[in-house]
Structures are given as C-alpha cells and as structure tokens.
Amino acid sequence: MNVTLTVNGVSHTVDVEDRTLLVHLLRDHLGLTATNIGCDTTSCGACTVLLDGESVKSCTVLAASVDGQSVTTLEGLADGERWHRVQEGFRAKHGLQCGFCTPGMVMAAVSLLAENPSPTAAQVREGLEGNLCRCTGYHNIVAAVLEAAEGSVAR
Amino acid sequence: MIPAPFDYVRADSADAALAALREHGDDAKLLAGGQSLLPLMKLRLATPGVVVDVSRAADLAYVREDGDVLAIGALTRHCDIVSAEVVTAHAPLLAHAASGVGDRQVRHRGTIGGSVAHADPSADLPTALLALDASYVVRGPAGERTITATEFATGFLETVLAPDELLIEIRVPKATGEAWGYQKFTRRAIDWATVAVAVQARGGGTAISLGNMGSTVLRAASAEAALAGGASAADAAQHADDGTEPAADVTASADYRRHLARVLTKRALAAAGRS
Ligand SMILES: Cc1cc2nc3c(=O)[nH]c(=O)nc-3n(C[C@H](O)[C@H](O)[C@H](O)COP(=O)(O)OP(=O)(O)OC[C@H]3O[C@@H](n4cnc5c(N)ncnc54)[C@H](O)[C@@H]3O)c2cc1C
Ligand code: FES
Ligand code: FES
C-alpha cells in the first residue's frame, strides 16, 4: 500500500507492506537511522519521534496509520547549522554517554517542553519516564532538559 | 519484530468501522491507539487477518457534558482525558487514573475505549470507571445497547462485546465535588498496577474498586458493605480482599496482592477523607 506522510518537512509517498511499523518506514525506506530500535516492545523509548508534534514510540505505530500526518525525527530538529535548544542543552550539560538513547530522549524532551515549557526537575524526570538510559543515571539528562527549558524553576 | 501479515483497512468514522467489521467478520480486529494490540501482534500473540484502524475516527473522539453525565467518545486518548477540564471538574478520579497510564508516549496514542475493550484487570481506567459507576455504549448490526461497567468484563481480556460490535461511548455519572482516592502500586515506572484501588464517594455512599485482584476489575463489595454499616475505614479495608482470587505472577504472590488490596484500600479511603 502507499503511505503519504511529511517527514521533517518533506513529503514522501512510500510503498510499504500493510504490516510495516513507522520505525521501519523511517529507517529502512527513508534511510533516517537516527531513530533507534532498542527494546522493540514499547518500553525503552529509543524509537521516540514526534507525530504531529507529539511524542510516540514509532515501534508501536503502524506506518499506514500516519498516512497524511507529519513526523519529525532527530534529523529534522536542527535549523540548518543551528541546533535545537534541546540539542544544545544535551551538549552543554553532557546529557549523553554512549548516545543510543539520545535521539529518543531528545524527541521526548522536545514534546515534553512543548506541553510544559517550564517544568520542575521532578516533572522532567516523570515526563521522561518512558525513556530508558543505561549510561548516564539520568542526572545530566534532567539538567540538559532544564537548561533547554525557558524560565525553568527548582533545579 | 513485525506483526504477521494482515490486510489494513482504514475506518475514519463509527459507520465505516461497523461496515468493515460486517464485511470481514471474525477475521477482523479493531485497532485504536494500538498500545495493547500492536505489542501483542508483534509477539504474534494476536494474528488478525484484517486490521480495521479506527484511530482517526474523529466522530468518536470527544468529551462532553450531557446533563448529569460526562459522555466520552471511545477514541478519546488518555492525554486528552488528563487535560480535559470537564473531566477534572466532574470526574477527577478518572483524570488522575489516566495520568498514570504508561508514559507520555503511550498516553499520546492509547484510548479510553481501547483500554476498556482490552479488559486487562490491571488497567487503570477500567478500575476507575468501575468505582465511578460508568456504563459503556456499544453499537452493532442490531443497533445500540448500554452495558454497565460491572457487567462488561467477563474474564481475563474477555468482554460481552461481540466481534461485530464497536464500543462508541463511555458514560460517567458526574461526581462533582465528591471525595475520591486512587492508589496504584507498581515496582517500576510506566508499569501496570500490581494492585490498584479506586475509591469514589457519591451521595453519602462510597464505591471501592480493585484492579488486578482477579481476572476482571472488581468491586470490593464486603468492604463497601462494612462502610455502609458504619465500620471505620481501617476496619472496612480489612475486608477489601474478601472473595477475591488474585493471580500469582513474577511481580507478586496472591497473598501479597491480598495484603496490598487491604493496605491500598485504607490509603485510598484516607485520601477520600474516610478514617
Ligand atoms: C509501555 C506501556 C505501558 C502501559 N502502561 C499501562 C498502565 O500503566 N495502565 C494501563 O491501564 N494501561 C497501560 N498500558 C496500556 C494502554 O492503556 C493502552 O493504551 C490501552 O490498554 C489500549 O488502548 P488502545 O487505544 O491503545 O487500544 P488498542 O491496542 O488499539 O486495542 C486494544 C483492544 O481493544 C479493542 N478495541 C479498541 N478500541 C475498540 C472499540 N472502540 N470498540 C471495540 N473494541 C476496541 C482492539 O480490537 C483490541 O483488542 C500500557 C501500554 C504500554 C505499551
Ligand atoms: S524500541 Fe520502541 S520503545 Fe523501545
Ligand atoms: S547514553 Fe547510553 S543509553 Fe543513554
């Protein structure tokens, strides 16, 4: 079947099997491999992308379901050479080690800040509960997201 | 992991979904948010021949006031229930329970109708809806029928829904200004409840429901009766597990679940101002 969707601002029509998952459309058909597959069981959040601006786990969304919708992956965040403020926050606060969870973590954080622009540290921790990191212990990830937030409070 | 092959049918309205179910019969499965069905399909625990995708049926995504009742479309997502002011005002127990479902990503996709129809006894929304005396409106070839939350689930992941029926609306009698409590015990973030207890006061009475204390969500009938008979909350809570047959699994033994039911009932009653 044909699925037409906008990915990072560019419209694509892709011929996929009906059972194709969004993450495979992105990685295997469009070659956008920033989005990782970790658990493949909806638990780890490594595959998080934005669907019409909201975070979803792309290993648990059918490609067919998003026909006509708009997807943003990590590749689409920066504005040319200018990084997104969440990316800047991760760099400034050393919010990554191996980097495997990072694309999903960043996309989840972008969605969180869109819904709650000035979260507390506790709200960041809870807001990212769907994303697992095996390296950092989360401390610097929380600092990175607070750095990116406007007028953040209660560090 | 990818699901076994199936034919995909998109149904963007209740009528289109019913027509597709009629056409494809027992081989068809409805897909709402997919947050329960797709994981099962990836593990090949579910292998429908036809998937009828209702995730974008706009006529089934709404929250509105209908006199003394909140009418919630089956395709309303968890995140929209959390943020709907009419839910916070008239059924805060439901908004609170929805805020604890999985994580933000799951709440951006998962729907109240999918959660009710899936009938997982450990799920948050069915537990809250049972204490709220909700009822479920179902549409099928023979027309519409309304089923109470008490009668809806018949066993583990089993309901009175026929394969050609669609859950269209959840009706919640308003509980404006009434006290409530919700206690969910989990070992890990984003997990389902090991045991959950919902308490909803209404017109002087108190409803208590239990999640994951049997093959369906349950009312704690003996504890409710004890309260109605004048027992203290602490004494009534001792009856929370009466008559239940909780499962034993990797997270808890049956005895531990019974213990949790009693403790969480006491805490939920305290949160609802009963001591
Ligand atoms: C990581 C993770 C954590 C989770 N944690 C929790 C949790 O803590 N608490 C909790 O309660 N839930 C939890 N869930 C489950 C979540 O609530 C699901 O969203 C919900 O159970 C199913 O809703 P859905 O819209 O995704 O339904 P789907 O997965 O699309 O469908 C589920 C079932 O319902 C049927 N169905 C769907 N809609 C209808 C309808 N309108 N009429 C008739 N049948 C229908 C489908 O055919 C299917 O059998 C979690 C899920 C995940 C992936
Ligand atoms: S790969 Fe999707 S949640 Fe882990
Ligand atoms: S940085 Fe390695 S998993 Fe998060």
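## Contact between chain B and chain A

In this predicted model, the contact between the two chains draws 33 residues from chain A and 29 residues from chain B. About 2600 Å² of area is buried between chain B and chain A, and carbon and sulfur atoms give 52% of that area.

Polar contacts also cross this interface, where 17 residue pairs are found in polar contact, both residues of each pair being at pLDDT 80 or more. On the side of chain B that touches chain A, two or more residues come from each of strand S1 (7-10), helix H2 (37-42) and helix H6 (104-109) of chain B. H6(B) makes the largest contribution to that side of chain B, giving five residues. Sorted by class, the side of chain B that touches chain A consists of twelve nonpolar, eleven charged and six polar residues.

## Salt bridges

Over all chains the structure holds 24 salt bridges, and the count between chain B and chain A is five. One salt bridge pairs Arg104(B) with Glu115(A), with the closest N and O atoms 2.8 Å apart. Because Arg104(B) lies in helix H6 of chain B while Glu115(A) lies in helix H3 (residues 102-115) of chain A, this pair joins two chains.

Another salt bridge is formed by Arg107(B) and Glu129(A), for which the closest N and O atoms are 4.0 Å apart. That separation can be read against the cut-off used here, which asks for a side-chain nitrogen of Lys or Arg within 4 Å of a carboxyl oxygen of Asp or Glu.

## The setting of ligand 1

Ligand 1 lies between chains A and B, and 31 residues surround ligand 1, the closest being Leu30(B), Ala32(B), Leu37(B), Thr111(B) and Asp124(B). By class, the shell around ligand 1 is made up of 14 nonpolar, 13 polar and four charged residues.

Strand S2 (28-31), helix H7 (112-118) and strand S10 (166-173) of chain B each provide at least two residues of the shell around ligand 1. H7(B) gives the most to this shell, with four residues.

An oxygen atom of ligand 1 lies 2.8 Å from a polar backbone atom of Gly33(B), and a polar side-chain atom of Ser36(B) is 2.8 Å from an oxygen atom of ligand 1. On the nitrogen side, a nitrogen atom of ligand 1 is 3.5 Å from a polar backbone atom of Ile190(B). Taken alone, ligand 1 exposes 970 Å², and the protein buries 96% of that area.

Note on methods
Residues are numbered from 1 along each chain as its sequence is written. Chains are lettered from A and ligands numbered from 1 in the order in which they are written. This is a predicted model: local features need pLDDT of at least 70, side-chain atom pairs count only at pLDDT 80 or more; totals for chains, interfaces and linings use all residues. Side-chain values use heavy atoms; hydrogens and water are left out. Contact means heavy atoms within 4.5 Å. Buried area is the accessible area (1.4 Å probe) that two parts lose on being put together, summed over both. A polar contact is a pair of N or O atoms within 3.5 Å; within protein, one must be able to donate a hydrogen and the other to accept it, and residues adjacent in sequence count only if both atoms are side-chain atoms. Ala, Val, Leu, Ile, Met, Phe, Trp, Tyr, Cys and Pro count as nonpolar, Asp, Glu, Lys and Arg as charged, and the others, Gly among them, as polar. A residue is near a molecule or strand if one of its heavy atoms lies within 4 Å of it. Accessible areas come from the Shrake-Rupley method with a 1.4 Å probe; for residues, only the protein chains shown count as cover.
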